[in-house]
Amino acid sequence: VINLRGQVIPLVDVRKRLGIAPRPHSRKTKFLIVKVAGRVFALLVDAVSEVIRIPRSSIRPAPDLAGFGGPKFFLGVCGTLSTGRSPARMRLLLNVKALLEPSSPAQWAAAKALTKEMSTK
């Protein structure tokens, strides 16, 4: 738990929930404050590189992980095309609600594999 302006809220380590090896905290480590189903949570993340608004029209369906018998961990994918000045950049949109729900080890393994695959592209 953490104390946020006098309110004690649960803290969820995203690396731990996805079964990814722990990493020492650094100056880039951040807390993302989210509200899910009326409850406030803090997500511990490695870093925040940017905050952007994404039009719904630019979000494509995420790879289907529902075959593992549980919630989808990713809401969709979006990205930018490569230009002469900047490379293509894909973004995987995390389903925070599903992240906070209990799930099976197979679901976490699939989510971890997809995260690793997306980070290499």
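Guide: Leaving aside its neighbours within four places in sequence, R15 is in contact (heavy atoms within 4.5 Å) with I20, A21, P22, R23 and D46. This is a predicted model: local features need pLDDT of at least 70, side-chain atom pairs count only at pLDDT 80 or more, and totals for chains, interfaces and linings use all residues. Residues are numbered from 1 along each chain as its sequence is written, and side-chain values use heavy atoms, with hydrogens and water left out.

Visitor: Is R15 buried or exposed?

Guide: R15 counts as buried because its relative accessibility is 15%. Buried means under 20% relative accessible area, exposed over 50%, partly exposed in between (1.4 Å probe, protein chains only).

Visitor: Which helix does R15 lie in?

Guide: Helix α1, residues 14-17. Helices (H or I, at least four residues) and strands (E, at least two) are DSSP runs, numbered from the N terminus.

Visitor: Switching to β5. How many of its residues are buried?

Guide: 5 of the 7, in residues 39-45, so β5 is largely enclosed by the rest of the structure.

Visitor: What pairs with it?

Guide: Strand β4 (residues 30-36) runs antiparallel to β5, with 7 bridges. K35 stands opposite V40. Strand β3 (residues 11-13) runs parallel to β5, with 3 bridges. There, L11 has A42 as its bridge partner. Two strands pair if DSSP finds at least two bridges between them.

Visitor: And where is confidence lowest?

Guide: In helix α3 (residues 105-119), at a mean pLDDT (the predictor's confidence in each residue, from 0 to 100) of 61. Confidence is highest in β5, at 93. Where pLDDT is low, the predicted coordinates should not be read in detail.
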